[in-house]
There are 2 protein chains.
Amino acid sequence: MQKGEPLILVTNDDGITSPGIQALVAAAASFGRVCVVAPDKPQSGMGHAITVNSALRVTPVDFKKAHRAYSCTGTPADCVKVAIYHLLDEKPDICLSGINHGSNISINVIYSGTMSAALEGALEGIPSAGISLCNNNTGTDLTAARFVTDLLIKKLLKLKSDLHLCLNVNIPDVGLNKLKGVHICRQGMGNWKEFYEEHKSDAGLEYLWLTGTFENFEKQSIDTDLWALENNYVSVVPIHADMTDYKQINRVKELNISF
Amino acid sequence: MQKGEPLILVTNDDGITSPGIQALVAAAASFGRVCVVAPDKPQSGMGHAITVNSALRVTPVDFKKAHRAYSCTGTPADCVKVAIYHLLDEKPDICLSGINHGSNISINVIYSGTMSAALEGALEGIPSAGISLCNNNTGTDLTAARFVTDLLIKKLLKLKSDLHLCLNVNIPDVGLNKLKGVHICRQGMGNWKEFYEEHKSDAGLEYLWLTGTFENFEKQSIDTDLWALENNYVSVVPIHADMTDYKQINRVKELNISF
């Protein structure tokens, strides 16, 4: 690999040893130089957490097919920040996060370490994508995910830099033959109905364990990632960091909060 | 306090012992019964992290003026989930997070534990607000923040339940006399230019420490929280969990990602 070839920054939230990031690096290495900066441990559900009031450690590691690789004690978002502001002396052409073992559609995007890392890349003007295979089992076959990843990298590398684009890509785990295509859409509305299991350790310490069931709030809509996944399409949703609820601004003005 | 009076759920990200949450509980207690569920340690920068693959512990604690209070080993978002799905047998009328010691305007909202807790309340159909005083010093005077909080609670309690409303409220730390009023607005665009300090422990372990400077990308706009704070107004921005970048959907379609 030579300077001049595209530089692809790769991270994830399942940790640097997960099969998903190995598949992603293998895909990216066919297109250019790969720099891996990934968490040293699983970071699922970390949302857009960053390490603000404690130390961060970064350690060079060997990673098959990667040009450079580092394990980081921080969150997925930390990994992207430390790559861009500390480790790299050139700006990556694209930033990829994944391949995540589990879905990041609908409301899951706000809890997703995978997507926070991709969004962090986009905030720096690097075309970025988080790629998720909708199966939590890390042993599942990654052939279809790898196929979609190759396609995606090709397209992203054609974009000019300084584009604030972040794609949330979710792949149904139905095998390549059953994938129907790509659905460019919006984030569907849904939420988790949570349940806390009550447990007790042998020493008598009580603790809770989160579980829950997902509810799709708009089963009739066809322009959502929820619909795509239920109908064997790969969903692609552009996301951004502007959380303003524009539709509510006038309603809030009517509350007449003033002094 | 009697059942029938409004139930106000209070949390924060600075931890259950911070002066900010004490001021918030004192304010809320004038309006109804207060249930506190807050992190047992500082959780600044935790974004929308939740505890998905480990145990959560919740411990009843005494808290001045609160009806019930619990310290929780989890994140701010965990605190709201565990309150609603495990600890409470009735739905809170409103959910308040703060008073945060530090600003949550502009891009900071995505990193904010304070705002993730408030958003979690709104996702459950509870009118919610995250309240931040724009000064990281926990010893700063909270008089102005308390005044704004009282005003806000009065307004929120008038709303009907099942409203998915989440307000990001930021108060400039200029003292009550200099506050010019309330500015209902959108999240302003800006980003952090990060810098990683390099340190070494006495034992020779190298570590990094995140620091950075904030850049306002739209100094000329007056409809932003950035403008409000710079001009001594309290900013109020409604936020939501839909991260879709609607303006980019057509651009992404033009990429022709297909197979």
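User: How far apart are the end C-alpha atoms of helix α4 of chain B, and what span should its residues have?
Analyst: Keep in mind that this model is predicted. Helix α4 of chain B has 16 residues, 143-158, and at 1.5 Å a residue they should span 22 Å. The model agrees with that, as the end C-alpha atoms are 24 Å apart.

User: Where on α4(B) do the buried residues fall?
Analyst: The buried ones include Ala144(B), Val148(B), Leu152(B) and Leu156(B). Looking down the helix axis, the buried residues of α4(B) sit within an arc of 160°, so they line one face of the helix.

User: Which exposed residues does the face of α4(B) turned away from the buried side carry?
Analyst: The buried residues of α4(B) pack against α1, β5, β6, β7 and β11 of chain B. Turned away from that buried side is a face with exposed residues: Thr143(B), Lys154(B) and Lys158(B).

User: Which residues touch the most other members of the largest nonpolar core?
Analyst: Take Val36(A): beyond its neighbours within four places in sequence, its contacts include Val10(A), Phe63(A) and Tyr70(A). In the largest nonpolar core, with 160 residues, the ones touching the most other members are Val10(A), Val36(A), Val10(B) and Val36(B).

User: What relation do chains A and B have?
Analyst: The contact takes 62 residues from each of chain A and chain B. Of chain A's interface residues, 100% are also interface residues in chain B, so the copies meet through the same surface.

Note on methods. Residues numbered from 1 in each chain as written. Chains lettered and ligands numbered in written order. Predicted model: local features only at pLDDT ≥ 70, side-chain atom pairs only at ≥ 80, totals over all residues. Helix = DSSP H or I, 4+ residues; strand = E, 2+ residues; numbered from the N terminus. Expected span 1.5 Å × (residues − 1). Buried ≥ 20, exposed ≤ 12 C-beta atoms within 10 Å, placed from the backbone. Arc of directions from axis to C-beta. Contact = placed C-beta atoms within 7 Å. Core = buried A, V, L, I, M, F, W, Y, C linked by C-beta atoms within 7 Å.
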